[in-house]
Amino acid sequence: MTGAHPLRSKRRRSALRTAAFLSPWLLGFAVFFVYPLLSTLYFSFTRYDGFRRPAFNGLDNWSYVFTDYPLFWPAMRNTLWLVLVMVTCRVAFGLGIGLLITKIKTGTGIFRTLFYLPYLAPPVAATLAFVFLLNPGTGPVNTLLDTVGLPTPGWFTDADWSKPALTALALWGVGDLMVIFMAALLDVPKEQYEAAELDGAGAWARFRHITLPNISPIIMFAVVTGVIQAMQYYAQPLVAGKVAAGVIGGSGQQFEPGYPDKSTLTLPQLVYNLGFQRFDYGTACVVALVLFALSMAFTALLMRRRGGLIGAGR
């Protein structure tokens, strides 16, 4: 019994010391995450315009978003499409480019630079350039397609092609993933490839049983960060819709996001439109909470499936 009290005191001092070292992070976590999250949850149950005091209105905001707000479900479908299609394409394309450059014997630095430079372009400038390149009437892409006798899509002016056009824009700026995958691929032990070649393993077998298991944490990182970025996808679809619709004026012009036919509308656009243009903060908070829940759900699902990705390569 006499030794128990000093042991408890030692553990208490150790816990206090640990808490003291963690206190800057804990303070930042509470101020910049917990408090905004709880505030968003509170405002989602109120009628609040940013000027008058919030008035509690129960589940009215939630009911309005899920049953009466006409833009919510189109934005939800577009956001999920971008998460499933655009993120998958970016990861696969970035991995493919990384594999290709690691196999090139000469001019590696030139190819790395050429593929990485588009990533450095500002999102608004890159989107403007893509809209003009893919202009259905005067853009060089459709001119080239017409010259060789291929169909000429409407791209950002066609609801069926606007999201593929945004995906093409995302693939053009895939330099960040290329660099990450290149670093991971160059870190795979060469001895494993040599042993596999001696056993008669082909290129696909080496990729499946050696490359994939070794870089699976990097793939998971790329997918999770890609999902989070897709959930925050705002500037590119908004700028593309505005320019394609001919709305390129300054402040004071009202523009309903989603052109054409709500095909470029995303949940982050709804948050901004509701909160900062219509001053309906309660409804905007509901959409923000839906975004947060979707991000957490996708991340949890991906982390649970990580073992399956590693096991698939074995």
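Which residues form a nonpolar patch on the surface? Let's build up to the answer by starting with the whole protein. What you see is a predicted model, in which local features need pLDDT of at least 70, side-chain atom pairs count only at pLDDT 80 or more, and totals for chains, interfaces and linings use all residues. Residues are numbered from 1 along each chain as its sequence is written, and side-chain values use heavy atoms, with hydrogens and water left out.

The protein has 14 helices and 2 strands. Helices (H or I, at least four residues) and strands (E, at least two) are DSSP runs, numbered from the N terminus. Along the principal axes, the C-alpha atoms fill a box of roughly 85 × 65 × 30 Å. The radius of gyration, taken over C-alpha atoms, is 25 Å, while a compact globule of 314 residues would have one near 20 Å. That globule rule is 2.2 Å times the number of residues to the power 0.38. Of the 314 residues, 37% are buried. Here, buried means under 20% relative accessible area, exposed means over 50%, and partly exposed lies in between (1.4 Å probe, protein chains only).

Now turn to helix α1, which covers residues 4–43 and holds R8. R8 belongs to a positive surface patch together with K10, R12, R13 and R17. With a relative accessibility of 46%, R8 counts as partly exposed. Patches are made of residues with over 30% relative accessible area and no salt bridge; like charges are joined within 9 Å, and nonpolar side chains (Val, Leu, Ile, Met, Phe, Trp, Tyr) within 5 Å. Lys and Arg count as positive and Asp and Glu as negative, while His and the chain ends are not counted. The place of a charge is taken as NZ of Lys, CZ of Arg, CG of Asp or CD of Glu.

Back to the opening question: the nonpolar patch is formed by L22, W25, L26, F29, F33, V34, L38, L41, F292 and M296, with about 900 Å² of accessible area together. Such areas come from the Shrake-Rupley method with a 1.4 Å probe, and for residues only the protein chains shown count as cover. The elements giving two or more residues to this patch are α1 and α13 (281–304), and α1 provides the largest share, with 8 residues.

In one of them, D49 meets R52 at 2.8 Å, N to O. D49 is buried, at 16% relative accessibility, whereas R52 is exposed, at 62%. Another salt bridge joins R90 and D176 at 2.9 Å, N to O. R90 lies in helix α3 (residues 72–103) and D176 in helix α8 (residues 175–186), so this pair ties together parts that are 86 residues apart in sequence. Both R90 and D176 are buried.

D158, in the loop between α6 (140–147) and α7 (162–172), is partly exposed at 25% relative accessible area. D158 and A244 are 86 residues apart along the chain, with their C-alpha atoms separated by 9.6 Å. T147 and W161 are 14 residues apart in sequence and 20 Å apart in space, C-alpha to C-alpha. T147 belongs to helix α6 and is exposed, at 63% relative accessibility.

Methods. A salt bridge is a side-chain nitrogen of Lys or Arg within 4 Å of a carboxyl oxygen of Asp or Glu.
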